[in-house]
There are 2 protein chains.
Amino acid sequence: MRDLSKASGMSLAGLYYYFESKERLLFLIQKHTFTTVVQRLKKRLAGVTDPEQRIRIFILNHLEYFLANPAAMKVLSHEAEALKNGFASEVAAIKREYYRICVGLMDELKRERRLEFSTRIAVLSLFGMMNWIYTWHNPRVDADAEQIAQEMGDIFLRGMMNSTRR
Amino acid sequence: MRDLSKASGMSLAGLYYYFESKERLLFLIQKHTFTTVVQRLKKRLAGVTDPEQRIRIFILNHLEYFLANPAAMKVLSHEAEALKNGFASEVAAIKREYYRICVGLMDELKRERRLEFSTRIAVLSLFGMMNWIYTWHNPRVDADAEQIAQEMGDIFLRGMMNSTRR
DNA sequence: CGATAATTCGAACGTTCGTTAGAATTAGTA
DNA sequence: TACTAATTCTAACGAACGTTCGAATTATCG
């Protein structure tokens, strides 16, 4: 909180005028971030029907947001388990919705292409690829979100496509 | 440190008889873990020449160790940036060696199969898939290391294989 | 046995942390 | 202008933290 006070220019006590506790502030950050990402995703998915294209939109939306907000990504990754019961469950609900959207996209792909693979492992592997980026991405060295989304999409989708057909 | 004292049954001051500081203890954990993983990997790779098989060994070795030592994995992931200059650089050196081994495996695959893809993105995506597992793996629900290594290997290797050929 | 070394501990140290009381200041309104 | 409400601050509280001091205990060995 003292760091935030310095960075924001407001006094330590001043922060508590706007946020009743450090935990509630963390909760608001997490909630706002996930809500924003889900909202943007839904807008972008509207109207697109091709399953592969929809998964590519999912990846691009995710990477674009988090490469533009690396600090937020770090907070979400590092403080994922820091909230207590009340706050935790509300954030968990949004996360679950986001996860379920991705599961849905994966199932669409499986149905259309008659593929056979574990949706759970596929989705969590994809999240891993995308989320780990906060540990290594350097904007001075690495490509931008669009290009990385392309490459990760290539890797992941080819990985799905050639799975055993029913 | 007070938690460790409780968990180990030794008094708080007693811990400082064996570890001169909390940071040095963290350093020793990180160093020991990475060293062990690299050692085991080298042993398993010895004698195997097929590039695909070698990457599968890499994945299995990684997942087997970290699913057997989830607490260690959490420490490595969460406290990756917690060490200061001296300690940090020594751990960074071992991590770099581990990373470079994986880069080597990827280049072998590219050469043998005449593939074209970004080694950096491939390696970091693979690490992402594997390392993210500490956030979701539940031994009561999820498969064991061998099976997950098989599935992630399938996803990743198919993703590499069909990349544009030279 | 006695003496030295190795081990373990209770109790505290100084610092940092999250938080708050209460005063000072500013903005809004009549 | 004078009064109220909103905002911001200084200064501190109590708890938790990493660490250390010096005494107590235990092991080692002549």
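Trainee: How far is a phosphate oxygen of DNA strand C from an N or O atom in the side chain of B:Tyr18?
Mentor: The distance is 2.3 Å. That falls under polar contact, a pair of N or O atoms within 3.5 Å; within protein, one must be able to donate a hydrogen and the other to accept it, and residues adjacent in sequence count only if both atoms are side-chain atoms. This is a predicted model, where local features need pLDDT of at least 70, side-chain atom pairs count only at pLDDT 80 or more, and totals for chains, interfaces and linings use all residues. Residues are numbered from 1 along each chain as written, chains are lettered from A and ligands numbered from 1 in the order written, and side-chain values use heavy atoms, without hydrogens and water.

Trainee: Switching to the protein chains, how many residues does each give to the contact?
Mentor: Chain A gives 27 residues and chain B gives 27 residues, with contact meaning heavy atoms within 4.5 Å.

Trainee: How many salt bridges are found across that interface?
Mentor: Four, each a side-chain nitrogen of Lys or Arg within 4 Å of a carboxyl oxygen of Asp or Glu. One salt bridge joins B:Lys74 to A:Glu81, with the closest N and O atoms 3.0 Å apart.
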